[in-house]
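I opened my notebook to go through one chain slowly, from its overall fold down to single residues. I wanted to write each thing down as I looked it up.

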Amino acid sequence: MKLLVDIHTHLDHSLLINKIDEIIDRARIAGLKHILTNGINPETNRICLELSKKYDIVKCAMGLYPRSALKKEIESGEYPLKVADFDVDEEIDFIRKNKNSIVAVSEVGLDFVNGEDRQQIEDFEKMIKLAEELKKPIVVHSRKAELKCVEMLES
Ligand SMILES: [Zn+2]
């Protein structure tokens with residue numbers, strides 16, 4: 001028996017959410033058992049949670065994408081989201097409260113395309129600790145930061 005699971009999607013993305021029923025139908029027809037949708041900030045963490053409650057095939061992961069990299073993606077229009085400041089510790093509390101609804105802490109990591117970033121390192125450290133506390137796997141985003149990511153995960 002084959003078991004197909006798509007472990008990395010962003011179903012909240014405006015290009016996908018607008019035709020979500022069609023996407024879910026196609027996934028079922030293709031034989032997918034589950035689709036993991038990954039939150040990247042407070043806005044998308046909540047959308048991913050809603051999607052996982054609405055569609056049995058969808059599983060939720062909540063995370064914190066490297067903030068400076070996300071800001072650039074939002075500004076360029078690549079990822080059309082609201083730009084909003086938020087408190088990371090409050091978001092971690094939200095994830096903690098919803099631990100029974102998530103299968104992973106994701107998407108988290110480091111993105112040093114525009115240089116090393118102290119805030120990203122602090123955030124990633126917190127998310128690694130959260131994953132350990134919740135006993136969940138993590139899905140790591142890494143661009144130009146592979147060595148640092150591995151060092152942090154090993155420690
Ligand atoms: Zn991703």
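**Whole chain.** I noted at the start that this is a predicted model. I counted the elements and found seven helices and five strands, and when I read along the sequence they followed the pattern β-α-α-β-α-β-α-α-β-α-β-α. The radius of gyration came out at 15 Å, close to the 15 Å that the globule rule gives for 155 residues, so the chain is as compact as a globular protein of that length. Along its principal axes, I recorded that the C-alpha trace spans about 45 × 35 × 30 Å. Buried residues make up 33% of the 155 residues. I also looked up how far apart in sequence the contacts reach: among those between residues at least 6 apart, 75% join residues at least 24 apart.

**Strand pairing.** Next I asked which strands β2 pairs with, and in what sense. Strand β1 (residues 4-9) runs parallel to β2 (residues 32-38), and four bridges join the two; within this pairing, I found H34 of β2 as the bridge partner of V5. β2 also pairs with β3 (residues 58-64), again in the parallel sense and over four bridges, and here the bridge partner of I35 is V58 in β3.

**Core.** I then turned to the largest nonpolar core, which has 31 residues, and noted that those with the most contacts inside it are A61, M62, V105, V108, M127 and I138. The elements that give two or more residues to this core include β2, β3, β4 (102-111), α6 (118-134) and β5 (138-143). As a reminder to myself, nonpolar side chains in soluble globular proteins tend to be buried together.

**Backbone details.** Where does a cis peptide bond occur? I found one joining S106 and E107, with omega about 15 degrees, and E107 lies in strand β4. I also wrote down K135, which has a positive phi of about 55 degrees although it is not a glycine; K135 sits in the loop between α6 and β5, and it is exposed, with 7 other C-beta atoms within 10 Å. K144 has a positive phi of about 55 degrees too, and is likewise not a glycine; its place is in the loop between β5 and α7 (146-154). With 13 other C-beta atoms within 10 Å, K144 is partly exposed.

Technical notes
Residues numbered from 1 in each chain as written. Predicted model: local features only at pLDDT ≥ 70, side-chain atom pairs only at ≥ 80, totals over all residues. Pairing = 2+ DSSP bridges. Core = buried A, V, L, I, M, F, W, Y, C linked by C-beta atoms within 7 Å. Buried ≥ 20, exposed ≤ 12 C-beta atoms within 10 Å, placed from the backbone. Rg over C-alpha atoms; globule rule 2.2 N^0.38 Å. Contact = placed C-beta atoms within 7 Å.
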